[in-house]
Amino acid sequence: MPSRRVITGRSQEPRRRFAEELRLLRQERGESLRQLAEALGWDASLFGKLESGATLGSPEVAQALDQHYGTGGLLLTLWELAVGDPAQFKEQYRRYMTLEAEDLGLWQYSVSRPPGLLQTTGYAREALAAGGLRGEDLDQQVEARIGRRQVLEGEDPPPFRVILSELVLRNSLRDPQEWRKQLEYLVQASERSNIALHVLPFGVGLHGLDSTDVMFLRLLDGRTVAYTENDVRGELVAETGKVERLQRTYDAVRDLALSPAESRMFVLRMLEEVPCEPSI
């Protein structure tokens with residue numbers, strides 16, 4: 001049997017191929033690592049590690065690079081081959097992440113944790129570690145989650161309305177100082193013109209989102225899609241009728257919540273309960 005002919009001269013080992021493609025794409029663009037980092041919102045050192053093969057990053061980073069280079073999913077496919085277990089990342093969540101990057105408006109209700117778009121580094125690290133991540137995998141996912149905040153921090157960020165159950169503000173971190181930073185970040189976020197933050201206080205009674213996080217995205221083509229998530233499953237909802245029913249439920253919950261001004265004062269009162277200095 002004749003030996004296999006090499007077509008591209010590029011590596012056939014998935015991890016090396018992923019790193020190689022990233023390096024070649026950047027060089028073809030004539031970009032430096034710093035310029036790439038500025039364009040995508042992650043640290044330049046992450047892209048250096050990706051191109052050297054020292055790390056694989058996360059699916060969010062691979063998707064962002066796909067969009068940046070216009071490679072139509074090639075980089076995410078190579079990333080999945082490199083990690084060796086494509087099934088571990090739900091197709092529906094991957095689709096949601098892709099849509100989030102191109103949305104015109106976001107709405108969210110959070111049951112027990114701040115949404116990823118409003119988490120600090122310390123909060124993201126403890127939350128992801130509680131899910132079992134360790135070492136390099138944990139570092140990669142923290143970087144990816146914090147990088148998502150660029151959606152709300154660009155030159156023309158979309159409007160974002162978020163309702164936080166009071167449980168979000170009561171379910172504190174182990175480190176009081178990291179918890180203080182998270183609450184301070186929520187206050188700062190609530191002051192931005194594109195963000196409306198509501199708190200749903202205890203005692204308002206049962207409602208249709210008691211145990212379900214829900215996120216809505218308004219897209220460029222005029223459609224609105226939703227992503228719902230509870231302890232056991234997540235679902236991307238695109239059917240118009242189902243999305244409208246979820247929106248009516250969301251609006252009913254918003255009517256029960258505090259106004260943005262009242263909510264900001266609520267978070268500030270929570271901050272007063274957190275010690276300013278670490279205990280000795």
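## Ser263 in helix H13

Ser263 is part of helix H13, which spans residues 260-272; helices (H or I, at least four residues) and strands (E, at least two) are DSSP runs, numbered from the N terminus. Ser263 has a relative accessibility of 0% and therefore counts as buried. Buried means under 20% relative accessible area, exposed over 50%, and partly exposed in between (1.4 Å probe, protein chains only).

Apart from neighbours within four places in sequence, Ser263 contacts Leu197, His198, Val199 and Leu258, where contact means heavy atoms within 4.5 Å.

## Basis of the model

The model is predicted: local features need pLDDT of at least 70, side-chain atom pairs count only at pLDDT 80 or more, and totals for chains, interfaces and linings use all residues. Residues are numbered from 1 along each chain as its sequence is written, and side-chain values use heavy atoms, with hydrogens and water left out.

## The chain as a whole

The chain contains 13 helices and 6 strands. Of its 280 residues, 46% are buried. Among contacts in the chain with a separation of 6 or more, 70% join residues 24 or more positions apart.

The accessible surface of the chain is about 14900 Å², and carbon and sulfur atoms account for 49% of that area. Accessible areas come from the Shrake-Rupley method with a 1.4 Å probe; for residues, only the protein chains shown count as cover.

## Helix H4

Helix H4 covers residues 59-69. It is largely enclosed by the rest of the structure, because 10 of its 11 residues are buried. The buried residues of H4 are Pro59, Glu60, Val61, Ala62, Gln63, Ala64, Leu65, Asp66, His68 and Tyr69. Just after H4, Gly70 has a positive phi of about 65°.

## The second largest cavity

There are 2 cavities of 30 Å³ or more. A cavity is a set of points, on a 1 Å grid over the protein atoms alone, where a 1.4 Å probe fits but cannot get out; lining residues have an atom within 4 Å of a point. Grid points are joined across faces, edges and corners, and a volume is the space filled by probe spheres set on the points.

The second largest cavity holds about 40 Å³ of space. Its lining consists of Leu22, Leu36, Phe47, Leu50, Glu51, Leu65 and Tyr69. Helix H3 (44-52) and helix H4 (59-69) are the elements that give two or more residues to this lining. H3 provides the largest share, 3 residues. By class, the lining has 6 nonpolar, no polar and 1 charged residues. Ala, Val, Leu, Ile, Met, Phe, Trp, Tyr, Cys and Pro count as nonpolar, Asp, Glu, Lys and Arg as charged, and the others, Gly among them, as polar.

Note on methods: On a 1 Å grid over the protein atoms alone, a cavity is a set of points where a 1.4 Å probe fits but cannot get out, and a pocket is an open set with protein on both sides within 12 Å along at least five of seven lines; lining residues have an atom within 4 Å of a point.
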